[in-house]
Amino acid sequence: MTGSQIREAFLKYFERNGHTRVPSSPLVPADDPTLLFTNAGMVQFKRVFLGEERRPYVRATTCQKCVRAGGKHNDLENVGHTARHHTFFEMLGNFSFGDYFKADAIRFAWELMTKDFGLDKSRLTATVFTDDDDAFALWKKVAGLGDDRVLRLGEKDNFWAMGDTGPCGPCSELHFHQGDHLPCAEEAAGRRCLGVACECDRWLEVWNLVFMQFNRDASGKMTPLPRPSIDTGMGLERVAAVLQGKLSDWDTDLFAPLIARVSGLAGKRYGAGEDDDVSMRVIADHGRTATFLIADGVLPSNEMRGYVLRRIMRRAMRHGRMLGITEPFLYKTVPWVVESMGAAYPEIVRERARIEEAVRGEEERFAETLESGGRRIDEYLAAQGPGRGRAVDGGFLFTLYDTYGFPRDLAEDVLKDRGWVVNDETNATWNTEMEAQRDRARAGATFAAGEEGEGAAVYQRLSTEIPSVEFVGYDSLTTPARILAMVRGVQRVREATEGDEVEVILDRTPAYAESGGQVGDTGTLVGRLGRGDILDTYYRGNKLIVHRVKIRQGGLHENEDVAVAVETPRRLGLRQHHTGTHLLHAALRRILGGHVAQAGSLVAPDHLRFDFSHGASVKDREVQQIEELVNEQVQANTPVTHHEMNLKEALASGAMALFGEKYGDRVRVVKIGDFSTELCGGTHLDATGQIGFFKVDTEGAVASGVRRIEAVAGTAAVEAVARQERVLKEIGDILKIAPSEAPQRLRKLLDEQRALERQLQELEGKLARSKADDLVAGARQVNGVAVVAGRIDGLDPDGLRAVADRLRDRLGSGIVVVGSVVEGRVNLVAAVTKDLTKRFQAGKLVQEVARAVGGSGGGRPDLAQAGGKEPAKLDAALEAVYDAVARTGS
């Protein structure tokens, strides 16, 4: 059976037995921001098992796409070296939500494996949890296994739990005997093979049946669940190896075709050498992983999921170089994966072009990294001389890694080839540098938080004294309040007088503290004997709302009652731009695709900035569609509602959560009709019509795979359009035309300018040819070689190359060095005819001339160029060419 046939046979078997076939969920968990990737079949049913969600079925079967790379479940470094570790794999599973239990789960597993899949019963053995007498008896009854074929194992091997508390229960595993001919470390050490409990490959676990029957509380006490459930998992790659008679997953039809194509790409035979075989397996596995992750919206970056994907992709690229593949190649694996798996997962067919583009772009960026790092290695070798067994400086390796992103192992390979070694001293220095970098990062984080030193201690004490500050700013922009504490610098003060700037903590406030991208409120604070301006509002300590206040009149005192007011027009601008941000986010996902995810934002009173993940450029037409879609929602005047609920309820309602964001048990859900639902604690409008008008200002790239849109809303949007109209009118006045005619007139002017530039180039060419003829006539013979060295000012490097080529052709055999000065900078080009390149090299010659004018350069033996910054020395440098040729040729 092929892998595709096994997948379909499994799903059809359980459909025949009353299960609903449920599609695989995405690799990015929709309702669990704490989980990096979907790593098991039960992830999409987690809330069903917890009793928080009900489905229209009580039996389900799936083939779930999974990734284990990064976080707790990380198989990355093992991939390629073992027979069964993969970063991407498919998990076959059947599930019961309070319907059938152990008897049917065991019956289904045994029947499918021995009847439908036709496995030899004598080669199957089961394991159960030590105390699970029910499962032990059922394996004997259902499968007819003897006591010696049902083994009891402990909690480490045969007990499963969703977490430290919650649903848990014993599990039972089905193992397949691959043969006693396989090596066993226990036997090699003179001991007995431990069978299914052994680490050797003689027995292979193929299916795990989890019996969820208890609820464990914080004390460790386990109480029986009212509706026990079943969760099973069987790796498709693993069972395919068993059914296809292979000892390694890599030899199955799920991988072999991919490996064969990688082999063809590298021009090396798979099976000829273990190192090359590992590299081919890594590329096959990582090509699958990259294809599926990008299809599900993950893009390579330096943050979270994107960082894991980047590591996976660059590991594959590095193994490609180890195979001798120096050109971009990983993107070529995408259509191979689509061809083999597209029928089961149509999303990779739909997204193929975008996936290839993203992979190709990452390969080009990595090539730039390798090139810049390679230059640093060349500089290091030039300064240090031959290795001759000397130890590489670990500090240099760390700089390559930390500053230039150059992989350490690749740098070591290059340096070892040049005679250097990596020893304990190298590793010690590397570790020291790494720890110092971590210390700097920790110190930076502390400084960035503004909580260092004595200031931190003040707010730690205040956090204990003041548990919380009541925020009333969702419903009101003014409130009476009491001053609980004031801080000036790093000291707590009891009073503040005119001219002082202090941080004020109130018992309640309408002022929003900066968070979630929205800047803090400003306003006023008025007491009986004084008043101050609130310049900013932010969090300090344990989420204490702090107001930075400038005392304008009189004074303020601790425990004084005051009136607090938020600046109303500014808050309106913030509300318009924050609601506009939610509309923009939703519009981006509709126009560009569901892979778009927020990567950062700023909500200010007069503009917004929104960073988002997207691996391709955004076309002008797409920007227009996004803007139009947002304004459609504005004109619809859709109500903006907000509800506070627990996190699990919010996620179940479809609210978008940001991965890595820390949410409390209670969260605020902001909903804009059916268009947008997000977790958000910011301030919003009552209806979208209050935005008035939305206008995109700019769109562009800010990092690899990250784009940025800046936009304005409300009055700021109207003002932005008015500014554009003023600019258009001014252009029309200058050109003495109507503003609507400006584009056509500008195109005409640019065409005329280009025509004039072409005429100028033609005239410069004629002048250069004339000058070249003069230079050829003045060629000098140096040791029997015709040499031309001259100056032609006004020519850029391209123009100089054209002249050098003409001079070289006119000479037939000889050496040419020409220079020019353009805007205070020296340009140099050297050319050597082919018959002389063994004696004279253009690159070395131009370097010598460039040094004389304070510059550098290089190139091929027959053509090279350079630059310099001392034009006053150009004539003398060109005259020295003849002496340089004489020295070299003598």
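**Close-up 1. Cys-168, a buried cysteine in a predicted model.** Cys-168 sits at 0% relative accessibility and so counts as buried (under 20% relative accessible area; exposed is over 50% and partly exposed lies in between, using a 1.4 Å probe and protein chains only). Everything here comes from a predicted model, where local features need pLDDT of at least 70, side-chain atom pairs count only at pLDDT 80 or more, and totals for chains, interfaces and linings use all residues. Residues are numbered from 1 along each chain as its sequence is written, and side-chain values use heavy atoms, with hydrogens and water left out. Call a pair of cysteine sulfur atoms within 2.5 Å a disulfide, and the count comes to zero. Cys-168 is in no disulfide, and its nearest cysteine sulfur, that of Cys-171, is 11 Å away.

Close-up 2. Look for Thr-87 in the loop between β2 (59–67) and β3 (88–96); strands (E, at least two residues) and helices (H or I, at least four) are DSSP runs, numbered from the N terminus. Thr-87 is buried, at 0% relative accessible area. Its side chain makes polar contacts with the side chains of Asp-285, at 2.4 Å, and Thr-289, at 2.5 Å. Such a contact is a pair of N or O atoms within 3.5 Å; within protein, one must be able to donate a hydrogen and the other to accept it, and residues adjacent in sequence count only if both atoms are side-chain atoms. Leaving aside neighbours within four places in sequence, Thr-87 is also in contact with residues including Cys-66, Arg-68, Leu-76 and His-286 (contact means heavy atoms within 4.5 Å).

**Close-up 3. Helix α11, largely enclosed.** Seven of the nine residues of α11 (residues 333–341) are buried, so the rest of the structure largely encloses this helix. Among them are Pro-335, Trp-336 and Met-341. The buried residues of α11 pack against α1 (3–16), β3, α8 (256–266), α9 (274–295), α12 (346–350) and α13 (352–384).

**Close-up 4. Stepping back to the chain around these views.** The protein chain has 25 helices and 32 strands. Of its 890 residues, 49% count as buried. Taken along the principal axes, the C-alpha atoms fill a box of roughly 105 × 90 × 60 Å.
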